[in-house]
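Here's a quick walk through one model, written for someone who likes to have the coordinates open alongside. Have a look at the structure, then read on.

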Amino acid sequence: MAAAAAAISPVPKDDLERIAKISATIRVIPDFPKPGIMFQDITTLLLDPVAFKDTIDLFVERYKHMNISVVAGVEARGFIFGPPIALAIGAKFVPIRKPKKLPGEVISEEYSLEYGTDKMEMHVGAVQPGDRALVVDDLIATGGTLCAAMKLLERVEAHVVECACVIELAELKGRDRLGEKPLFVLVSST
Ligand SMILES: O=P(O)(O)OC[C@H]1O[C@H](OP(=O)(O)OP(=O)(O)O)[C@H](O)[C@@H]1O
Ligand SMILES: Nc1ncnc2[nH]cnc12
């Protein structure tokens, strides 16, 4: 059950049409990876080149004039959406990865998930003090992942401008966990 995300200002009709088509391409798999989880599968979105391009375009249209200097993508699915956005807006891309994947010196943050706990790492030196950051992932559930990514960026004195996800699981209230930090999503799902 997915719906176009509500916004404070009216969403242009063309955007709503694109968002509806994007939403329709996302497959929901019950009980994956554990009983009770309704898994939002974006791999079916990727099979539709128009929906995939519209997804990237909607983010690019929002961020191209926000003076973003770094797009930070969260492993693994933030690596799908982050790099094309970074290229289109002229920002560097920085991967935020699961432990022991990055070869250089790292800083790390632990976080809790809808189904488990994990840790994320970022290369020291990839982000500079004063960088204006956009954090990109496919989905926000409890918000733990985005909070940990923001903490990593703020520890190196970057300014996190916004977090951007394709999907929000609104019932889990991850948005509240982000506090004052803005979150932009295309599709809100219950
Ligand atoms: O808002 P949260 O409760 O923190 O959950 C959201 C995170 O969960 C999923 O990743 P997952 O940890 O399953 O890793 P994967 O992308 O490597 O499969 C998703 O892609 C987000 O990164
Ligand atoms: N329900 C869900 N679907 C896809 N990815 C997720 N990450 C956390 N919860 C998820």
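In which hand, left or right, does helix 3 pass helix 4? The crossing is right-handed. Keep in mind throughout that this is a predicted model.

**Helix packing**

Two packed helices are described by the angle between their axes and the distance between the axes. For helix 3, which covers residues 49-63, and helix 4, residues 78-89, the angle is about 50° and the axes sit 9 Å apart. That angle is why helix 3 counts as oblique to helix 4.

Helix 3 also packs against helix 1, which runs over residues 13-25. Here the angle is about 135°, with the axes 9 Å apart. Angles over 145 degrees would count as roughly antiparallel, and helix 1 and helix 3 are therefore oblique to each other. As for the hand, helix 1 passes helix 3 in a left-handed crossing.

**Around the ligand**

Now for ligand 1. It has 16 residues around it, and the closest are D137, D138, A141, T142 and T145. Sorted by class, that shell holds six nonpolar, four polar and six charged residues.

| Residue | Atom on the protein side | Distance to an oxygen atom of ligand 1 |
|---|---|---|
| T145 | side-chain N or O | 2.5 Å |
| R77 | polar side-chain atom | 3.2 Å |
| A76 | backbone N or O | 3.2 Å |

How much of ligand 1's accessible area does the protein cover? On its own the ligand has 500 Å² of accessible area, and the protein covers 87% of that. Two elements give two or more residues each to the shell: strand 8 (132-140) and helix 5 (144-155). Strand 8 gives the most, with four residues.

The peptide bond leading from E75 into A76 is cis, with omega near 0°.

P33 is found in the loop between strand 2 (27-30) and strand 3 (38-41).

And which residue has a positive phi although it is not a glycine? That's K100, with a phi of about 65°. K100 is a loop residue too, placed between strand 5 (92-96) and strand 6 (106-113).

How values were computed: Residues are numbered from 1 along each chain as its sequence is written. Chains are lettered from A and ligands numbered from 1 in the order in which they are written. This is a predicted model: local features need pLDDT of at least 70, side-chain atom pairs count only at pLDDT 80 or more; totals for chains, interfaces and linings use all residues. Side-chain values use heavy atoms; hydrogens and water are left out. A residue is near a molecule or strand if one of its heavy atoms lies within 4 Å of it. A polar contact is a pair of N or O atoms within 3.5 Å; within protein, one must be able to donate a hydrogen and the other to accept it, and residues adjacent in sequence count only if both atoms are side-chain atoms. Accessible areas come from the Shrake-Rupley method with a 1.4 Å probe; for residues, only the protein chains shown count as cover. Ala, Val, Leu, Ile, Met, Phe, Trp, Tyr, Cys and Pro count as nonpolar, Asp, Glu, Lys and Arg as charged, and the others, Gly among them, as polar. Axes are lines fitted to C-alpha atoms, for helices over the stretch in contact, and angles run from 0 to 180 degrees between N-to-C directions. Angles under 35 degrees count as roughly parallel, over 145 as roughly antiparallel, 65 to 115 as roughly perpendicular and the rest as oblique. A crossing is left-handed if the near helix is turned anticlockwise from the far one by less than a right angle, and right-handed if clockwise.
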